[in-house]
Amino acid sequence: QVQLVESGGGLVQAGGSLRLSCAASGTFFSISAMGWFRQAPGKQRELVAHIHRGGSTNYADSVKGRFTISRDNAKNTVYLQMNSLKPEDTAVYYCAAQVWPKIDFPPTEYGYWGQGTQVTVSS
C-alpha cells in the first residue's frame with residue numbers, strides 16, 4: 001500500500017519554471033522506479049519521465065531538454081523540474097510508483113498513482 005501526494009503545480013507564464021514534487025508513504029519494502037505523467041484536456045495520459053532508483057532516466061521527446069526528473073530515495077520523493085514551459089505543457093500532472101519486486105525499467109506498469117496537480121501555462 002503506497003500513497004502518493006503531488007505538489008508544486010500552479011499557473012505560470014510561458015517561458016517560466018515550476019518544480020513538482022511527489023512524496024510516497026505507506027507500507028512497502030522499496031520503490032524501484034517513479035515517474036511523471038500528464039493528461040491535457042481531450043488527450044490521453046502520456047509519459048513525461050521515468051526515473052529508476054539507481055538514477056537512470058527516460059523522457060518524452062516533447063519535454064527532453066526542458067524538464068529534469070530527479071529523486072531523493074531516502075525521502076521516497078521524486079521531483080520534476082520544468083523549465084521553458086509552453087502552453088502545450090498545460091495538463092494535470094500525475095506521479096506514479098513501482099515497488100519491489102517489480103523492477104523493470106523503463107517501467108511497463110505502475111501500481112500506484114497520485115491524484116494529480118494542475119499545471120497551467122499561459123501565453
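## Arg38 and Asp89

Arg38 pairs with Asp89 in a salt bridge, with the closest N and O atoms 2.9 Å apart. A salt bridge here is a side-chain nitrogen of Lys or Arg within 4 Å of a carboxyl oxygen of Asp or Glu. Arg38 sits in strand β4 (residues 31–39), while Asp89 sits in the loop between β8 (77–82) and β9 (91–99), so the pair ties together parts that are 51 residues apart in sequence. Strands are DSSP runs (E, at least two residues), numbered from the N terminus.

Both Arg38 and Asp89 are buried. Buried means under 20% relative accessible area, exposed means over 50%, and partly exposed lies in between (1.4 Å probe, protein chains only). Arg38 has 6% relative accessibility. For Asp89 the value is 1%.

## About the model

This is a predicted model: local features need pLDDT of at least 70, side-chain atom pairs count only at pLDDT 80 or more, and totals for chains, interfaces and linings use all residues. Residues are numbered from 1 along each chain as its sequence is written, and side-chain values use heavy atoms, with hydrogens and water left out.

Side chains of opposite charge can pair when their charged atoms come close. Asp89 also forms a salt bridge with Arg66, and here the closest N and O atoms are 2.8 Å apart. Arg66 lies in the loop between β6 (57–59) and β7 (67–72), and Asp89 in the loop between β8 and β9, so this pair ties together parts that are 23 residues apart in sequence. Arg66 is buried, at 11% relative accessible area.

Arg38 has a salt bridge to Glu46 as well (2.8 Å, N to O). Glu46 is partly exposed, with 34% relative accessibility. Together, Arg38, Glu46, Arg66 and Asp89 are linked in a network of salt bridges. A search of the whole structure finds four salt bridges.

## Thr108

Where is Thr108 found? Thr108 is in the loop between β9 and β10 (112–113). Thr108 counts as exposed, at 61% relative accessibility. The side chain of Thr108 makes a polar contact with the side chain of Asp104 (2.7 Å). A polar contact is a pair of N or O atoms within 3.5 Å; within protein, one must be able to donate a hydrogen and the other to accept it, and residues adjacent in sequence count only if both atoms are side-chain atoms.

Leaving aside residues up to four places away in sequence, Thr108 touches Gln98 and Lys102. Contact means heavy atoms within 4.5 Å. Thr108 and Arg45 are 63 residues apart along the chain, and their C-alpha atoms are separated by 14 Å.

How values were computed
Helices (H or I, at least four residues) and strands (E, at least two) are DSSP runs, numbered from the N terminus.
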